[in-house]
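Reader: I am new to this structure. Please walk me through a few of its helices.

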Amino acid sequence: MTTILTCTLKNLPSTSKWALRFPVRLLSCSSQLRAAPAGQTKSKKTLAKPNVRNIVVVDGVRTPFLQSGTSGLLHQTSVPKEVVDYIIFGTVIQEVKTSNVAREAALGAGFSDKTPAHTVTMACISANQAMTTGVGLIASGQCDVIVAGGVELMSDVPIRHSRKMRKMMLDLNKAKTLGQRLSLISKFRLNFLSPELPAVAEFSTSETMGHSADRLAAAFAVSRLEQDEYALRSHSLAKKAQDEGLLSDVIPFKVPGKDTVTKDNGIRPSSLEQMAKLKPAFIKPYGTVTAANSSFLTDGASAMLIMAEEKALAMGYKPKAYLRDFVYVSQDPKDQLLLGPTYATPKVLEKAGLTMNDIDAYEFHEAFSGQILANFKAMDSDWFAQNYMGRKTKVGTPPLEKFNNWGGSLSLGHPFGATGCRLVMAAANRLRKEGGQYGLVAACAAGGQGHAMIVEAYSK
């Protein structure tokens with residue numbers, strides 16, 4: 001992560017009543033693979049507000065997202081370190097020795113010890129929280145230049161001793177006599193050595209996210225074939241984008257002791273026949289969530305340079321996008337754990353005065369194929385909107401020709417703390433490439449939380 005900061009500044013499941021409301025409808029892979037055609041930026045109203053500072057993304061970079069076990073953090077852009085007012089990073093599985101990883105990385109990257117830095121954690125939307133915290137600091141006039149991002153190293157997560165072993169070691173440290181130490185050691189048992197491994201499970205429900213995704217898919221009648229088709233779409237579009245050089249935010253990184261990594265290494269288009277051979281990963285033997293239609297454990301880091309518009313222009317930068325309205329939502333962490341986009345999308349559209357038809361590029365976090373498709377069905381249901389969201393009508397489903405056209409977390413990977421910046425940069429870069437004006441970023445997160453943000457193309 002020190003490297004990416006330096007370079008950023010350097011150059012089955014239970015049956016549900018929902019199932020009766022959401023019939024199975026298979027996706028058509030051929031139609032999904034069509035990307036939105038490039039065109040001229042549409043002439044729509046801008047979302048600039050009177051007497052409110054415009055906040056822009058100057059640029060953003062990320063490491064190649066790597067399957068856990070191959071490591072990586074990376075480089076690029078150019079601004080004097082002394083102009084950066086504040087650094088904010090998100091992370092999820094924290095190392096105790098570097099609990100404020102943003103500060104340690106900033107110092108390691110050569111920033112002044114006078115530049116404040118703090119770390120945020122909000123599960124899969126930690127980087128989103130880092131960005132929007134920076135937006136708040138700029139909007140309030142406290143800062144002009146923010147570096148925001150996130151990092152996750154899933155191939156080297158902290159593993160704890162058991163509670164009994166931890167207690168014994170702490171008590172031994174407090175013991176003052178040999179007799180006290182021998183008494184404590186006599187209570188040692190071999191099972192004390194059993195480690196506590198991190199688990200992607202809800203503290204409030206003790207359920208893993210994959211198990212919850214499987215139940216959600218069943219509740220919304222999302223079939224195994226639908227999920228595999230969507231996963232194949234994600235990998236195929238990611239491979240196409242990678243081959244065409246569209247993933248321009250990825251910069252090379254020399255992994256210590258290994259070769260330089262230049263691209264995401266989890267993109268692996270397969271076939272529906274091969275995917276169908278995999279067994280359920282969570283609910284056995286009848287579940288529909290498998291390794292092929294789930295995002296994988298990933299190492300990676302991301303960083304964005306965010307500025308007040310007037311500051312960016314004064315320094316000679318051509319920003320990539322405006323960061324506009326955003327919302328955070330939360331709901332039941334048991335049965336609606338992964339429905340954050342469904343709840344957040346209509347709220348952010350209303351806040352911005354937009355509709356689904358105004359959006360040119362959608363970038364949603366893909367935790368699981370079933371999660372994406374369940375959100376689609378919820379968003380397209382008047383019944384769900386009225387009974388669960390207190391809304392009169394549905395918001396509608398994002399058109400697939402505008403949705404995650406360069407792949408998503410299923411194929412590119414999902415370093416928990418870093419994905420938010422990737423989503424925003426994908427939306428910004430797609431708007432520039434495709435000639436659109438508005439992008440909508442959305443993501444679910446552990447705890448039943450979610451986030452959505454409007455990104456507007458910079459056209460000046």
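Author: Start with helix H7, where the buried residues (under 20% relative accessible area; exposed is over 50%, partly exposed in between, with a 1.4 Å probe and protein chains only) are Met209, Gly210, Ser212, Ala213, Asp214, Arg215, Leu216, Ala217, Ala218 and Ala219. This is a predicted model: local features need pLDDT of at least 70, side-chain atom pairs count only at pLDDT 80 or more, and totals for chains, interfaces and linings use all residues. Residues are numbered from 1 along each chain as its sequence is written, and side-chain values use heavy atoms, without hydrogens and water.

Reader: What do the buried residues of H7 pack against?

Author: Helices (H or I, at least four residues) and strands (E, at least two) are DSSP runs, numbered from the N terminus. Contact means heavy atoms within 4.5 Å. The buried residues of H7 pack against helix H8 (224-243), helix H12 (369-379) and strand S11 (438-445).

Reader: Which residue with a positive phi follows H7?

Author: Its phi is near 55°. The residue is Ala221.

Reader: Is Leu172 buried, partly exposed or exposed?

Author: Leu172 sits in helix H5 (residues 163-174). Its relative accessibility is 24%, so Leu172 counts as partly exposed.
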